[in-house]
Amino acid sequence: MLILTCPSCGVTGEETEFHAGGEAHIKRFGPGSDDDQFHSYLFAKENPKGVHFERWRHNNGCGKWFHAARDTMTLEVFGTYPAQTLEPPKQIRDKITAKHPGWKWREFS
Amino acid sequence: MSDAVSALNGATYNGFVTVTELGLRGMITLRGDLSSAGVKNAAIGVTGVDMPGQRQVHTVKESGLAWMSPDELLVMTPYAEVGDKLAQIDKLLKGKHYLAVNVSDARAMFRIEGAGVREVMAKLCPVDMAPDAFTPGVFRRTRMAQIPAAIWMPSDDAVQIICFRSVADYAFGLLKDAAEPGSEVGLFA
Ligand SMILES: [Zn+2]
């Protein structure tokens, strides 16, 4: 079972108290973008087996959005961090590196 | 004026704990900067209880303050006073960035009482109800079976539950079922 800690209210709960909100740190392309950009924004997702970054919402709780870094295979959670964050914090990236040297996810490593 | 009644009009059930729908209760959602003096003064001023910390609740009789999220408090008052209390908040926070709404008729409140209350809640919520983990004063928003709920323990043998009014009957059914005589697990006995 996936156990997450909400950085907004501090609750550590199991996944049914939360709602998954898709891939994290997506750059949005809207009006004015070309077809390739819009296509990649809408459809081209990482979907990895292993290290992944996602958005979650504490829907049966404080209601806030946040980010989570986890392993999609083992359900190990490397950390959660506020929604108002543009990239994974160094501390979390270091933690992943310790476990998975050489990991890469989009432009992050 | 219409004759206001609560969702289940004070329904009760006697299982291995007692389940009571508490009738009409005044509830105001107050959102704003909880660290600001203005919001704190308004919240404390209308309830007479201390400001709750993260995931905490303070109550005296039917009045109280519960921490809902980093920018939201639940202000509890007697039902008859909720209009006055809301006006008082609006006056105290005039010109400030805040939101205060009377949500009394959108909510239902239950109380369960008895030695087995921790077990009843543990059957319904993904929350550690062990005595050292969930203590009186803790306010927890969570999931009760399929509905959102907020729970706290006014004392060691009672739990109060707030849910949406529209699902009050479902909540009452859940609590009755979990409190049915003969279904004791004895987890925290
Ligand atoms: Zn939360």
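Does A:His25 count as buried or exposed, and at what relative accessibility? At 13% relative accessibility, A:His25 counts as buried, where buried denotes under 20% relative accessible area, exposed over 50%, and partly exposed the range in between (1.4 Å probe, protein chains only).

The model is a predicted one, in which local features require pLDDT of at least 70 and side-chain atom pairs count only at pLDDT 80 or more, while totals for chains, interfaces and linings use all residues. Residues are numbered from 1 along each chain as its sequence is written, chains are lettered from A and ligands numbered from 1 in the order in which they are written, and side-chain values use heavy atoms, with hydrogens and water left out.

Chain B is divided into domain 1 (12–23 + 106–178) and domain 2 (26–105), with bounds that come from an automatic or database domain assignment. The centres of the two domains, taken over C-alpha atoms, are separated by 22 Å. Ten residues from domain 1 of chain B and 15 residues from domain 2 of chain B take part in the contact, contact being defined as heavy atoms within 4.5 Å. The area buried between these domains is about 1,200 Å², to which carbon and sulfur atoms contribute 61%; buried area is the accessible area (1.4 Å probe) that two parts lose on being put together, summed over both. On the side of domain 1 of chain B, B:Arg107, B:Phe139 and B:Arg141 supply 49% of the area buried against domain 2, more than any other three residues.

No salt bridges are found across this interdomain interface, the criterion being a side-chain nitrogen of Lys or Arg within 4 Å of a carboxyl oxygen of Asp or Glu. The elements giving two or more residues to the domain 1 side are β8 (107–113) and β9 (139–144) of chain B, where strands (E, at least two residues) and helices (H or I, at least four) are DSSP runs numbered from the N terminus.

The interface between the chains takes 15 residues from chain B and twelve residues from chain A. About 1,000 Å² is buried between chain B and chain A, with 45% given by carbon and sulfur atoms. In chain B, the residues losing the most area to chain A are B:Arg140, B:Arg141 and B:Arg143, together 38% of what that side buries. Three salt bridges are found across this interface. A:Glu17 forms a salt bridge with B:Arg140, for which the closest N and O atoms are 2.6 Å apart. β5 (63–69) and β9 of chain B each supply at least two residues of the side that touches chain A, and β9(B) gives the most, with four residues.

Two residues with positive phi were also examined. A:His25, which is not a glycine, has a phi of about 55° and is placed in the loop between β3 (19–23) and α1 (35–43) of chain A. For B:Lys61, phi is near 50°; B:Lys61 lies in the loop between β4 (57–60) and β5 of chain B and, at 82% relative accessibility, counts as exposed.
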